[in-house]
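Trainee: I've got a structure open and I'd like to learn how to read it. Could you walk me through it?

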Amino acid sequence: MGMTSRQFDTLRDLIYKSLGLFFEDAKIDFMDKRVEKRMAALGMNRAEDYVFHLRFLDADGREMQALANLVTTNETYMFREFEQLQAFADHCLPEAIERREKSGLRRLRIWSAGCSSGEEAYSLAVILREVMHDVDDWDIRIYATDIDNERLEMARRGIYGPYAVREVPDAYAAGHLIPAGLESWRIHPDTAKLVEVRHMNLMDRAATRTMRDMDFVFCRNVLIYFDDTSRKSVVDQFYSCLSPGGFLYLGHSESVSRISTAFKIRRLGPHLVYCKEA
Ligand SMILES: C[S@@+](CC[C@H](N)C(=O)[O-])C[C@H]1O[C@@H](n2cnc3c(N)ncnc32)[C@H](O)[C@@H]1O
């Protein structure tokens, strides 16, 4: 198709304002291919018609949603960044349990923000069931949210192929993954019931404000696609969503120290975790 650099600039601005994702100039061919798919779906021949449609005729955001499904990077698998999850299980989770026990409220809230097809949220559910032997006596919710509604459908189904489950330790696989046909596994219903899947745009303040009193926010491998301004706005929201003593986990290549000084940094082995002081 070959969109012009001006059309690319307009699209990039619209996507940035709506989703917080920033696409560099070198991404023009990537964008071109995604837009081509959307134009075919809409029966359009000219890129300028598509840009016009997205800019002026998309009041309900339906086309931006369809484009978001195509331009987001959804790579994920269960037990990704295993050591970080181990540090969560060994240090921060017991601390949160103790804090909640002391307050007399057996309640834990965890948010997997940018969960893609749900593998991160279900990994956390497996850990909770393994670490907390009285887990059924607690009020627990793991919110799995993302902008991509096709990935969220996969998260709701909770059925995964070999790539997604390859890092699940054997000791956990037996109790939490049920064979569901050729080369696929379903998350055990007792584990899956801890997870609630919701559509949420991290740039939508009205929506993120509803996430209150979180013990943990996991937002791993999401903010790398944002620029500093949108990253800061999302991290500030996370700070408000966390309860005092709550923790924010980012991917191992990500850091908030440049954009926020509100969190106290804790080093757990090779990983950093960001803590809202109690
Ligand atoms: C690479 S995946 C990370 C999945 C998982 N957290 C992990 O570490 O394996 C990034 C996810 O962020 C989501 N995302 C990007 N921008 C978003 C936004 N503005 N609101 C919500 N989710 C967003 C994408 O749809 C994608 O599924």
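Mentor: Let's take the domains, then some strands, a helix and a single residue. Keep in mind that this is a predicted model.

Trainee: Which domains does the domain assignment give?

Mentor: The assignment gives domain 1, residues 5-71, and domain 2, residues 82-275. Their centres, taken over C-alpha atoms, are separated by 30 Å.

Trainee: How many residues of each domain are in contact with the other?

Mentor: On the domain 1 side there are 8, and they are in contact with 12 residues of domain 2. Two elements of domain 1 give two or more residues to the side that touches domain 2: helix 1 (5-19) and helix 4 (62-71). Helix 4 gives the most, with 3 residues.

Trainee: Now the strands. Is strand 7 buried or exposed?

Mentor: For burial, count neighbours: a residue is buried if 20 or more other C-beta atoms lie within 10 Å of its own. In strand 7 (residues 214-219), 6 of the 6 residues are buried, so the strand is largely enclosed by the rest of the structure.

Trainee: Which strands does strand 7 pair with?

Mentor: Look for bridges and for the sense of the pairing. Strand 1 (residues 107-113) pairs with strand 7 in the parallel sense over 3 bridges. To find that pairing on screen, go to S112, whose bridge partner in strand 7 is F218.

Trainee: What do strand 7, helix 12 and strand 8 make?

Mentor: Follow the chain from strand to helix to strand. Strand 7, helix 12 (residues 228-241) and strand 8 make a β-α-β unit, and the unit is right-handed.

Trainee: What is the order of the strands in the open sheet of 3 strands?

Mentor: That sheet has the order 3-5-4, and its pairing is antiparallel. To spot the edges, look for strands that pair on one side only: here they are strand 3 (159-160) and strand 4 (177-179). Strand 4 and strand 5 (residues 185-187) run antiparallel and are joined by 3 bridges. One place to check is L177, which has I187 of strand 5 as its bridge partner.

Trainee: On to helices. Which residues of helix 7 are buried?

Mentor: In a helix, ask where the buried residues sit around the axis. In helix 7 (residues 149-157), R151, L152 and A155 are buried. They cover an arc of only 100° around the axis, which means they lie on the same side of helix 7. Turn to the face away from that buried side and you'll find the exposed residues N149 and E153.

Trainee: What covers the buried residues of helix 7?

Mentor: The cover includes strand 2 (139-146) and strand 6 (195-199). While you're there, step past the end of the helix to G158, which follows helix 7 and has a positive phi, near 65°.

Trainee: How far apart are E101 and F238 in space?

Mentor: They are 23 Å apart, C-alpha to C-alpha, and 137 residues apart in sequence.

Terms used
Residues numbered from 1 in each chain as written. Predicted model: local features only at pLDDT ≥ 70, side-chain atom pairs only at ≥ 80, totals over all residues. Buried ≥ 20, exposed ≤ 12 C-beta atoms within 10 Å, placed from the backbone. Helix = DSSP H or I, 4+ residues; strand = E, 2+ residues; numbered from the N terminus. Pairing = 2+ DSSP bridges. Right-handed = clockwise from strand over helix to strand, strands pointing away. Arc of directions from axis to C-beta. Contact = placed C-beta atoms within 7 Å. Domains from an automatic or database assignment.
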